[in-house]
Amino acid sequence: MAEQSALAVILAAGEGTRMRSSRAKVLHEVGGMPMLGHVLAAVEAAGIERRAVVVGAQEADLRAYLETAAGDAAIHRQVQLLGTGHAVLTARPSIAAGADQMLIVYGDTPLITARTLRRIRRRLAGGADVVVLGFRPTDPARYGRLIVDGKRLLAIREAADASAEEKRIGLCNAGIMGFSGTDLIAILKRIGKANAKREYYLTDAVEIANRLAKRVVAMEVDTDEVLGVNSRHDLARVEAAFQRRARTAAMAAGATLIAPETVWFSHDTRLGRDVTIEPNVFFGPGVRVGDGAEIRAHSHIVGATIGPNAIVGPFARLRPGARVGNGARVGNFVEIKNADIGVGAKVSHLTYVGDASVGKAANIGAGVITCNYDGFAKHRTEIGAGAFIGSNSSLIAPVTIGEGGYVASGSVITRNVAPGALSLARTRQVDKPGWARKFRDRNRKPANRIERKSR
């Protein structure tokens, strides 16, 4: 069967007043990415080469996002929110340009998959004129019902307009539809407002298509895939469904999640094989984990790359730009930011390494800080291979510790340390015998206590 051209009309004009937010509803995030971004990604992965996005009240914010996420998408402004049929007609210039297939999807339904969109395309390519996605929710009360006769979809009845008998139907409208390219505008022009809300319902397209002797079919999908978002509660439900999907995929690909329900992924988290994730780990956007790595409990990782067989955590924080080399160790209460931790290097505990390079097999002791910020600019610290940085040392950037260099514990390093050299930067210890006893005795005298109280 010949490849067919396709256009996706993405409806993103909903105001989302129930979100109680100044942000456009479809820009709220699921798995660290705006809902609209998930839909755009699914559309692209389904091989749909053209995209038209219908925006509403928060047009400026949506345009700004689309410039970076889908620069080639056509944008259409829906001034009045008069229903889904009216929203699709708003994209008429893009529709009129023509395509073999036209899909209507929603920016607030972020879990739709490319697989399902490809299924719709196959049904259209196989002879269907209209394809409507349906699902079976636990509570169908507020959803439009799909009225089916055999393999034919006769109508979609909105909940407000459904009869008592129609409300007993369990198969509900998911909203997502596909049309053969030559039919959409002709059908849309026939949609009226004879309904309870006095809006132009896209769902009326089904009965209109049947009157035009078109082949109209329903296609059922899993409920989670078509969950829509209209409130913060809905957003939490969709996030939970996304996380279930991500955890299942991670384990199927060869990762061990000791307590899956406590691990949180982003949309682009990538794990190698034989990775072990302990409980209560959070992955923000931009994380890559190599084969055999171990992420221990209560770690927070964003924008970081972790090499094969590395160990991170427990209670570690990797911020954007952190790169942990093969077999390296980043331990408890360690924060890494914009820094390279070399192969086999150890940063075991209670340390901050920012804007730095730590060489192969170097050892960073407890309480070490790279002092990278002077109040105006960030500066780098370079630590050579095999170097040893003693506990509670401060490295005042910009500074270089040469290969094999040794920094004594408690030092404040302000100058470069030569390769193989020992650097001590602390005052000499002074002992005063008997001082502590005399101090305590003096402060225990009754006269002194009375004097202090009278002040």
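## Backbone, cores and salt bridges

Pro 398 sits in the loop between β29 (394–396) and β30 (399–401). Helices (DSSP runs of H or I, at least four residues) and strands (runs of E, at least two) are numbered from the N terminus. The model is a predicted one, in which local features need pLDDT of at least 70 and side-chain atom pairs count only at pLDDT 80 or more, while totals for chains, interfaces and linings use all residues. Residues are numbered from 1 along each chain as its sequence is written, and side-chain values use heavy atoms, with hydrogens and water left out.

**Backbone geometry**

Pro 398 is joined to Ala 397 by a cis peptide bond, with omega at about 0 degrees. Another cis peptide bond connects Gly 313 with Pro 314, where omega is about 5 degrees. Pro 314 belongs to the loop between β20 (311–312) and β21 (317–318).

Most residues other than glycine have a negative phi, and most peptide bonds are trans. Arg 20 is not a glycine, yet its phi is positive, near 55 degrees. This arginine is placed in the loop between β1 and β2. Buried is used here for under 20% relative accessible area, exposed for over 50%, and partly exposed for values in between (1.4 Å probe, protein chains only). Arg 20 is exposed because its relative accessible area is 67%.

Phe 333 also has a positive phi, of about 55 degrees, without being a glycine. Its place is in strand β23, residues 329–341. Phe 333 counts as partly exposed because its relative accessibility is 49%. Together with Phe 315 and Leu 350, Phe 333 makes a nonpolar surface patch of about 310 Å². Patches take residues with over 30% relative accessible area and no salt bridge, joining like charges within 9 Å and nonpolar side chains (Val, Leu, Ile, Met, Phe, Trp, Tyr) within 5 Å. The areas come from the Shrake-Rupley method with a 1.4 Å probe, and for residues only the protein chains shown count as cover.

**Cores and helix α1**

In soluble globular proteins, nonpolar side chains tend to be buried together. A nonpolar core is a set of buried Ala, Val, Leu, Ile, Met, Phe, Trp, Tyr and Cys residues joined through side-chain atoms within 4.5 Å. The largest such core has 74 residues, and those with the most contacts inside it are Leu 36, Ile 95, Leu 117, Ile 120, Leu 133, Phe 179 and Leu 202. Strand β1 (residues 6–12) gives the most to this core, with seven residues. A second core, separate and made of 56 residues, includes Val 229, Ile 277, Ala 293 and Ile 383.

Helix α1 (residues 35–45) is mostly covered, with eight of its 11 residues buried. After α1 comes Gly 47, with a positive phi near 80 degrees.

**Salt bridges**

Side chains of opposite charge can pair when their charged atoms come close. A salt bridge is a side-chain nitrogen of Lys or Arg within 4 Å of a carboxyl oxygen of Asp or Glu. The structure holds 16 of these bridges, and the table gives some of them.

| Salt bridge | N to O distance |
|---|---|
| Asp 108 and Lys 25 | 2.7 Å |
| Arg 77 and Glu 59 | 2.9 Å |
| Arg 136 and Glu 220 | 3.1 Å |

The salt bridge of Asp 108 and Lys 25 links distant parts of the chain, 83 residues apart: Asp 108 is in the loop between β6 (101–106) and α5 (114–125), and Lys 25 in the loop between β1 and β2 (29–30). Both Asp 108 and Lys 25 are buried.

In the salt bridge of Arg 77 and Glu 59, Arg 77 lies in strand β5 (residues 74–77) and Glu 59 in helix α2 (residues 59–69), 18 residues apart. Arg 77 counts as partly exposed at 39% relative accessibility, whereas Glu 59 is buried, with a relative accessible area of 19%.

In the salt bridge of Arg 136 and Glu 220, Arg 136 is in the loop between β7 (130–135) and β8 (145–149) and Glu 220 is in strand β11 (residues 216–220), so the pair ties together parts that are 84 residues apart in sequence. Arg 136 counts as partly exposed at 47% relative accessibility, and Glu 220 counts as partly exposed at 40%. Elsewhere, salt bridges with shared partners join Glu 59, Arg 63 and Arg 77 into one network.
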